[in-house]
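Colleague: Could you walk me through this model? I'd like to go from the overall layout down to single side chains.

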Amino acid sequence: MKNSSILLLLFCFFSMPVFSQKKEEKAIKLTINNFFKGLNTGDTALIRSTCTATPVFQTFMADEKGELKIHSEDFEEFLNFLGTPSKMKLEEKIEFENISIEPQMASVWTPYTFWLNGKVNHVGTNSFQLVKEKGGWRIQYILDTRRKQ
């Protein structure tokens, strides 16, 4: 009887981190999925709710000369662009490939396909850095790559 009780306690003790990790992973995915729901629908309030007060958005891609460079995007300009009515239909489809989590920070890798007006415009990978604030997981940094298929 004592052995089965000890085994049960050990099982509970060692399974708690796994359960906690899955719970955090689910919350992180929800934050990122809400970011893209906002992007795909032009809901700037939803996007803003997924980010910290000072997020950094950058792209690593070739310039006009074909040289790879980092381009920074102003968050407010990004929101203004998405919030301005347009006939363009934007849609980014992602896949969760890798999620690394510690108690207050997470790193997420998501390959994606970007669609413009129903056609593939480019592909790449997003690298997200999230922090856990009082209100939950928030995006602090996005670095993405962009290339023609």
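This is a predicted model: local features need pLDDT of at least 70, side-chain atom pairs count only at pLDDT 80 or more; totals for chains, interfaces and linings use all residues.

Colleague: In what order do the elements of the protein chain run from the N terminus on?

Modeller: Helices (H or I, at least four residues) and strands (E, at least two) are DSSP runs, numbered from the N terminus. On that basis the protein chain has three helices and seven strands. Read from the N terminus on, the order is α-α-β-β-α-β-β-β-β-β.

Colleague: What percentage of the residues in the protein chain is buried?

Modeller: Buried means under 20% relative accessible area, exposed over 50%, and partly exposed in between (1.4 Å probe, protein chains only). The protein chain has 149 residues, and the buried share of them is 32%.

Colleague: Which element gives the largest share of the lining of the largest pocket?

Modeller: A quick word on method: on a 1 Å grid over the protein atoms alone, a pocket is an open set of points where a 1.4 Å probe fits, with protein on both sides within 12 Å along at least five of seven lines, and lining residues have an atom within 4 Å of a point. The largest pocket holds about 420 Å³ of space, a volume being the space filled by probe spheres set on grid points joined across faces, edges and corners. It is lined by 23 residues, and the closest to its centre are Leu-39, Glu-73, Phe-78, Glu-92 and Arg-146. Four residues of that lining, the largest share, come from E6.

Colleague: How many residues in the lining of the largest pocket are nonpolar?

Modeller: Ala, Val, Leu, Ile, Met, Phe, Trp, Tyr, Cys and Pro count as nonpolar, Asp, Glu, Lys and Arg as charged, and the others, Gly among them, as polar. In this lining, five residues are polar and four charged, while the nonpolar ones number 14.

Colleague: And the second largest pocket: which residues are the closest to its centre?

Modeller: That pocket has a volume of about 200 Å³. Its lining takes in 13 residues, and the closest to the centre are Gly-42, Leu-82, Ser-86, Met-88 and Leu-90.

Colleague: Which elements does the pair Glu-24 and Lys-132 link?

Modeller: A salt bridge is a side-chain nitrogen of Lys or Arg within 4 Å of a carboxyl oxygen of Asp or Glu, and the structure holds five. In one of them, Glu-24 meets Lys-132 at 2.8 Å, N to O. Glu-24 is buried at 15% relative accessible area, whereas Lys-132 is partly exposed at 29%. The two are 108 residues apart, and the elements they link are helix H1 and strand E6.

Colleague: What separates Glu-25 and Lys-29 in helix H1?

Modeller: These side chains also form a salt bridge, at 3.7 Å, N to O. Because the two residues are four apart in helix H1, what separates them is about one helical turn.

Colleague: How many residues apart in sequence are the parts that Glu-76 and Arg-48 tie together?

Modeller: Their salt bridge is 3.0 Å, N to O. Glu-76 is partly exposed at 37%, and so is Arg-48 at 41%. Since Glu-76 lies in helix H3 and Arg-48 in helix H2, the separation in sequence is 28 residues.

Colleague: Is Val-123 buried or exposed?

Modeller: Val-123 sits in strand E6, and its C-alpha is 9.9 Å from that of Ile-94, 29 residues away along the chain. With a relative accessibility of 12%, Val-123 counts as buried.

Colleague: What is the accessible area of the nonpolar patch that Phe-60, Leu-68 and Ile-70 form on the surface?

Modeller: Patches are made of residues with over 30% relative accessible area and no salt bridge, where like charges are joined within 9 Å and nonpolar side chains (Val, Leu, Ile, Met, Phe, Trp, Tyr) within 5 Å. Areas come from the Shrake-Rupley method with a 1.4 Å probe, and for residues only the protein chains shown count as cover. Ile-70 belongs to strand E2. Together, Phe-60, Leu-68 and Ile-70 have an accessible area of about 290 Å².

Note on methods:
Residues are numbered from 1 along each chain as its sequence is written. Side-chain values use heavy atoms; hydrogens and water are left out.
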